[in-house]
Amino acid sequence: QVRTYHATYSVTGDAKQLGGTQTIEVWHAPPNVREDTVLTSGTTTVRTETLSDGRTGQACRKSTGAWACTPLSAAEAAQAGGFATQIVASMAGSQVTVSTETVGGTTAQCFAIAAGAKVCVDADGVPVLVADADVRYTRSAFETTIDSGSFMPPSG
């Protein structure tokens with residue numbers, strides 16, 4: 001069971017190729033998950049918020065004007081907050097190398113495949129690094145307390 005946490009990840013790779021910057025924030029208090037992204041390219045900033053309780057949820061997006069939200073399907077709600085899911089899925093069926101590394105000052109158990117996909121988690125199973133050949137997510141901030149309002153949809 002992964003504990004309650006709020007983590008921020010800096011992203012290098014895809015966003016840099018677009019000439020912008022990206023961050024991802026994850027709030028996790030089982031069964032609730034919220035994942036926000038902020039992608040800035042030039043003068044344009046696109047924000048997304050995905051909220052789920054594991055069964056229902058919504059995806060919200062804002063680039064200009066007001067937030068626009070749409071309901072998640074049951075399958076999408078079950079996978080919400082899983083920015084690492086595609087990278088982990090790419091590892092299926094591959095020879096996995098396991099190592100212990102220090103990532104951003106945190107001792108982590110890392111799992112890697114020859115194709116370049118790698119996932120490192122702390123002692124509680126919270127990702128500290130998720131990477132493949134194109135993009136790298138590195139945890140830059142972490143806390144174990146979450147404000148109860150963190151799982152409310154955006155307003156405005």
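Because the model is predicted, local features need pLDDT of at least 70 and side-chain atom pairs count only at pLDDT 80 or more, while totals for chains, interfaces and linings use all residues. Residues are numbered from 1 along each chain as its sequence is written, and side-chain values use heavy atoms, with hydrogens and water left out.

E49 is part of strand β4, which covers residues 44-52. Strands here are DSSP runs of E with at least two residues, numbered from the N terminus. The relative accessibility of E49 is 9%, so E49 counts as buried. Buried means under 20% relative accessible area, exposed means over 50%, and partly exposed lies in between, with a 1.4 Å probe and protein chains only.

The side chains of E49 and R34 are joined by a polar contact of 3.3 Å. A polar contact is a pair of N or O atoms within 3.5 Å; within protein, one must be able to donate a hydrogen and the other to accept it, and residues adjacent in sequence count only if both atoms are side-chain atoms. Leaving aside residues up to four places away in sequence, E49 touches several residues, including R34, C60, W67 and M152. Contact means heavy atoms within 4.5 Å.

**Charges over rings**

R34 also has its charged end over the ring of W27, at 4.0 Å from the ring centre. The charged end of R139 sits over the ring of F142, 4.1 Å from its centre. The rule asks that NZ of Lys or CZ of Arg be within 6 Å of the ring centre and within 35 degrees of the ring normal.

**Disulfides**

How many disulfides are there? The count comes to 2, where a disulfide is a pair of cysteine sulfur atoms within 2.5 Å. With the bonded cysteines of the protein chain numbered in sequence order, the pairing is 1-2, 3-4.

| Disulfide | S to S | Torsion about the S-S bond |
|---|---|---|
| C60 to C69 | 2.1 Å | about 110° |
| C110 to C120 | 2.0 Å | about 115° |

The torsion for C60 and C69 is about 110°, so this disulfide is right-handed. C60, one of the residues that E49 touches, has 3% relative accessibility and therefore counts as buried. C69 has 34% and so counts as partly exposed.

The torsion for C110 and C120 is about 115°, so their disulfide is right-handed. C110 lies in strand β8 (residues 106-112) and C120 in strand β9 (residues 118-121), so the pair ties together parts that are 10 residues apart in sequence. C110 and C120 are both buried.

Methods:
Helix = DSSP H or I, 4+ residues; strand = E, 2+ residues; numbered from the N terminus.
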